[in-house]
Amino acid sequence: MIKNYSSFIDRTKSSAIRELLKLTSQPDIISFAGGLPDPNVFPIEIINDIIANILQNKSKVALQYGATEGVLEFKQELVKFISKSEGINLKPENILVTSASQQGLDLIGKAFINVSDPILVELPSYLGALQVFQSYGADIIGVKSDDDGVLIDDFAAKLDLLKRQNATCKFVYLVPDFQNPTGVTMSVERRHKLIEISKHYDLPIIEDSPYRQVRFEGDHCDMLYKLSNYDNVISLFTFSKIFVPGLRLGYMIGPEEAIMKMSTLKQSLDLCTSPLNQLIASEFLKGGYFDSHVKEIIGIYKKKKDVMLRALNEFMPEGVSWTTPEGGLFLWVRLPEYMDANQMFYNAVDEKVAYVIGSVFHCDNSGLNTLRLNFSYPSEEEIYEGIKRLAKVVKDRLKTPSKA
């Protein structure tokens, strides 16, 4: 038996979602549990042509080791892409290419967190980030949120309390657009106030933006990175949800000094992200395919989201509520407070439908009456039937009202 493992191993917990997915792998179960993009929108023919062209003309770069910070050609395309889509002016030195945004989160943990350091996250927050921060031993403190994002008063109160305790909060982690798990978008007013407060406390902001481009409706909101005047924000991106996840390709943007430190840390992780995958994405951007591809995604996912909302309205009983996302891949369901979505999960699997329990997204183990639903992966027919099955489970577990 192998022994002598580090405390890091003890702090690193398996993803509850991954464990739940093992129970939902049967083909007859309609699953709203994963965060998978629809594989039917993968631009296979375009990728095939791009790869053939790269191997024909750029094989010596594509198949060789690359620079840790990323292939310059790809970073130059990202500079143009971010300038066009966000109105943000960057240099290649402001960008670090990562093996998807999950590696970016790990680099954030390495760069900022010592054991017992306090950090702030939303309640609820992205499970993958919570796993990373927990593995580095952070004292994770939740900030209350509603359908407009984090509650600014609670955010300020948490920071004030830490200051009075002579504790330094290392950063606040947020998913401002179509948040995972709730699907909500932080309001413009709260973005400005959050930036103001964070600068007052000299607090870095980690802005996770995995599907910002997948907006169905509503007004475009400036990124926190832009609102901060490129000062105290590091933003993470991925191509997993807006291109293809199999490339495992992402990037982070931030002040040049911070990017240099992250690049040094990345050297010990994987030396470099696949140059071939970077060149595939670079050619996809350069060839003008990205805009039409995202437009197709938006059209398909909006229809699926609308089907899910219609089914929820049709089948769910009174006392159940849900968010109405303006984009992204998820929406959030709140059951009556006395109900336990953890226990209900197994009843749902018996009815051949699955979701993710909401408590795993809460750093304080609250949210027992909540659950996350994904609408990007299942078909429209599966969404309608799956919500019908889920509503039956909810109705079966509702308490019978006491008679007067």
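## Cavity and pocket

The largest cavity is lined by F81, S209, Q213, F237, T238, F239, I242 and Y251. Its volume is about 40 Å³. In this predicted model, the count of cavities of 30 Å³ or more comes to one.

The second largest pocket holds about 440 Å³ of space. Its lining has 20 residues, and F81, S85, Q213, F290 and D291 are the ones nearest its centre. Helices α5 (72–86) and α13 (289–315) each give at least two residues to the pocket lining. The largest share, six residues, comes from α5.

## A four-stranded sheet

Four strands make an open, antiparallel sheet in the order β10-β11-β14-β13. The edge positions go to β10 (321–322) and β13 (356–357). Each has a single partner strand, so one side of each lacks a neighbour in the sheet.

The pairings can be followed strand by strand. β10 and β11 are antiparallel and joined by two bridges. Here S321 stands opposite R334 of β11. β11 and β14 share five bridges, again antiparallel. In this pairing W332 faces R372 of β14. β13 joins β14 (residues 370–374) through two bridges. R372 is also the bridge partner of V356.

Strand β11 (residues 330–334) is largely enclosed by the rest of the structure, because four of its five residues are buried.

## Salt bridges

The structure holds 29 salt bridges. One of them joins the side chains of K58 and E283, at 2.8 Å from N to O. This pair links distant parts of the chain, 225 residues apart. K58 sits in the loop between α3 (44–57) and α4 (59–62), while E283 belongs to helix α12 (residues 275–286). K58 is partly exposed at 22% relative accessibility. E283 is buried, at 14%.

D177 and R191 form another salt bridge, with the closest N and O atoms 2.7 Å apart. D177 lies in the loop between β6 (172–174) and α9 (188–200), and R191 lies in α9, so the pair ties together parts 14 residues apart in sequence. Both partners are buried: D177 has 3% relative accessibility, and R191 has 0%.

K302 and D306 meet through their side chains in a salt bridge of 2.9 Å, N to O. They are four residues apart in helix α13, so about one helical turn separates them. K302 is partly exposed at 28% relative accessibility. D306 is partly exposed too, at 22%. Elsewhere, salt bridges with shared partners join K58, E73, E283 and K286 into one network.

## A buried loop residue

Is F243 buried or exposed? F243 is buried, with a relative accessible area of 2%. This residue is in the loop between β8 (233–238) and β9 (250–253). F243 and F42 are 201 residues apart in sequence, yet their C-alpha atoms are 7.1 Å apart in space.

I9 is part of helix α1 (residues 7–11). Its relative accessibility of 45% makes I9 partly exposed.

Note on methods. Residues are numbered from 1 along each chain as its sequence is written. This is a predicted model: local features need pLDDT of at least 70, side-chain atom pairs count only at pLDDT 80 or more; totals for chains, interfaces and linings use all residues. Side-chain values use heavy atoms; hydrogens and water are left out. Buried means under 20% relative accessible area, exposed over 50%, partly exposed in between (1.4 Å probe, protein chains only). Two strands pair if DSSP finds at least two bridges between them. On a 1 Å grid over the protein atoms alone, a cavity is a set of points where a 1.4 Å probe fits but cannot get out, and a pocket is an open set with protein on both sides within 12 Å along at least five of seven lines; lining residues have an atom within 4 Å of a point. Grid points are joined across faces, edges and corners, and a volume is the space filled by probe spheres set on the points. A salt bridge is a side-chain nitrogen of Lys or Arg within 4 Å of a carboxyl oxygen of Asp or Glu.
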